[in-house]
Structures are given as C-alpha cells and as structure tokens.
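I opened this entry to keep track of what I looked up, in the order I looked it up.

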Amino acid sequence: MRQVQALWRCQRVEGCGLDFHKEKPLNPLILGQFVGRPNVRVRVRCRGDRCKFHRLWRIEEMIAGLEKRGQGGARTEVDGLGAKMTTPCPMCKRVNWGAEILWVNTDTMGWKARGERSFEPGAPG
Ligand SMILES: [Zn+2]
C-alpha cells in the first residue's frame, strides 16, 4: 500500500504539496459518508499483476452508477465495491478490482490553490 501511495504521489502530485491519505476501514466505510465532500474520491484500481490501471470517481457518480445498475447506492460499503465491478480492465483485461477512498487534506496550499482540479490527471503542479 505504501508503495502505491508513493507511486501516486510521484506521478500525479509531485511538488505541489498535496497530501493523500488512506482512510482506515472503520465501521465499515460506506459511500454515503462522503457525499458532498469535494476533496474525496473513490479510487477503483486494478489488482492485476503489475497492472497500474486505476480510475477516480466522484462519490455521487459512483452512487448513481450503482443505483442505475441495481447494485447498491449510498449504503454500499467501500470495501465491497471492487467485487461489484464486472467490466474487464482496459489494460490487462482481467476483472480484479479493488476500491478505496482517497481524500486530499484541505489544509494544504495545493488544495487551496487548485481545489478539485487537484484530482485531474496531468494537471500542472
Ligand atoms: Zn489491469
């Protein structure tokens, strides 16, 4: 996990002072807890061998998608999300997803300067 975070940091947010944290799974976490928080995303990532594919979703988008497919909604547990994804990975063609909550510390300069654009791929640091 630490390794993934390091990768994330150096690929995406190098030098911009953002700090990503991984929430500890307590209670357990459900999607509805994060509705309306602009600094939180769901990261769905492929757990395939050496595959680094991942995608970020807004909480609201994820909930809407689950409801549309009749798979869940705001009460869906984050830990159970990966198992609901049935689309093969575009890179390794496997179905082996994991999901986690990603949030940006809103006290950082990076967040204050860029807000939700902090999540955009390739955004200038
Ligand atoms: Zn993959």
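I began with β2, which is mostly covered, five of its seven residues being buried. The model is a predicted one, so I kept confidence for a separate check below.

Next I looked up the pairing. β2 and β4 are antiparallel and share seven bridges. Within that pair, I found V40 bridged to W103 of β4. β2 also runs antiparallel to β3 (residues 54–58), with five bridges joining them. There R41 has R58 of β3 as its bridge partner.

**The core**

I then listed the largest nonpolar core, which holds 15 residues. L31, V42, I59 and A99 touch the most other members. The elements giving two or more residues to this core are β2 (40–46), α2, α3 (78–84) and β4 (97–104). β4 contributes the most, four residues.

Setting aside neighbours within four places in sequence, I recorded its contacts as L31, F34, V35, V40 and V42.

**Helix α2**

Which residues of α2 are buried? I noted I59, M62 and I63. Viewed down the helix axis, the buried residues of α2 fall within an arc of 95°, so they line one face of the helix. Residues three or four places apart in an α-helix point the same way, because there are 3.6 residues a turn. The buried residues of α2 pack against β2 and β3. On the face turned away from the buried side I found the exposed residues E61 and K68. After α2 comes G70, with a positive phi near 70°.

**G36**

Is G36 buried or exposed? I looked it up in the loop between β1 (20–22) and β2. G36 has 8 other C-beta atoms within 10 Å, and is therefore exposed, the cut-off being 12 or fewer.

**Confidence**

Last, I looked up pLDDT. The protein averages 82, and 75% of the residues score at least 70. Where pLDDT is low, the predicted coordinates should not be read in detail.

Notes: Residues numbered from 1 in each chain as written. Predicted model: local features only at pLDDT ≥ 70, side-chain atom pairs only at ≥ 80, totals over all residues. pLDDT = per-residue confidence, 0-100. Core = buried A, V, L, I, M, F, W, Y, C linked by C-beta atoms within 7 Å. Buried ≥ 20, exposed ≤ 12 C-beta atoms within 10 Å, placed from the backbone. Contact = placed C-beta atoms within 7 Å. Pairing = 2+ DSSP bridges. Arc of directions from axis to C-beta.
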